[in-house]
Amino acid sequence: WMYASGGFYGHEISNSLRTTFPDSAFLEITPGSAGDRQKFTFSAWVKRGRVNGTFQNIFAAEGDGGGESAAIRFDSSERLDFIFITDGADTITGRLVTNRVFRDTGSWYHIVLAQDTTNGTAGNRIRLYVNGVEETSFATDTNPTQNHNGQFGATVIHRIGAESHAGNQEFDGYIADVNYINGTQLGPDSFGETKGDVWIPKNTSGLTFGTNGFRLEFKQTGT
């Protein structure tokens, strides 16, 4: 799909995961023990396959029984949307929604979501980057309270490619080189770099992934 080998471009990503709507195709895990619920970084390369004004979840975590949920997703206006919500009370405890829209189905986006709710500066608790550049223009900019414990890292369902509780709001497209760093808020330069005015991936195998962290390379084809 997208690769650069040898010399100037040194790292190759050879495969991606394809999820299609309405096939209910997604990945799911429920951690057996809790990790860090205040600090994490999520990185993935995504290519949209469908833009039709519906919510599409990239990564989500949620507890049953009216517990809090969290998700990074494209919203119904094709904006990037990261949300904490207490389901039972429908209370938003933190949210970033970009003014920028993402309607291009022909290009790859590198998305990094980095959270540290222990940060004393409210505006630095949730940081969102696309293709190495931080998003700073938001239609909604609600920061969580300091030391807030979110659902990422908790012992609840985590899904890639769908909303975590009901399994709907599926992502339609390709997802590649997924990295979830539990316990550290990192910047985009841990996952990519600019070469020849193009943002390209780095090899992330040397990163410390923390409790419940993971890297998904999708190396096996046809599975």
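Buried means under 20% relative accessible area, exposed means over 50%, and partly exposed lies in between, as computed with a 1.4 Å probe on protein chains only. This is a predicted model, in which local features need pLDDT of at least 70 and side-chain atom pairs count only at pLDDT 80 or more, while totals for chains, interfaces and linings use all residues. Residues are numbered from 1 along each chain as its sequence is written, and side-chain values use heavy atoms, with hydrogens and water left out.

Q: What makes the contact between Asp 81 and Arg 73 a salt bridge?
A: The term requires a side-chain nitrogen of Lys or Arg within 4 Å of a carboxyl oxygen of Asp or Glu, and for Asp 81 and Arg 73 the N to O distance is 3.0 Å, so the pair qualifies.

Q: Why is Asp 172 called buried?
A: Its relative accessibility is 5%, which is under 20%, and therefore Asp 172 counts as buried.

Q: Why is Arg 18 called partly exposed?
A: Arg 18 has 37% relative accessibility, a value between 20% and 50%, so it counts as partly exposed.

Q: Why is Glu 135 counted as buried?
A: Glu 135 has 9% relative accessibility, under the 20% limit, and is therefore buried.
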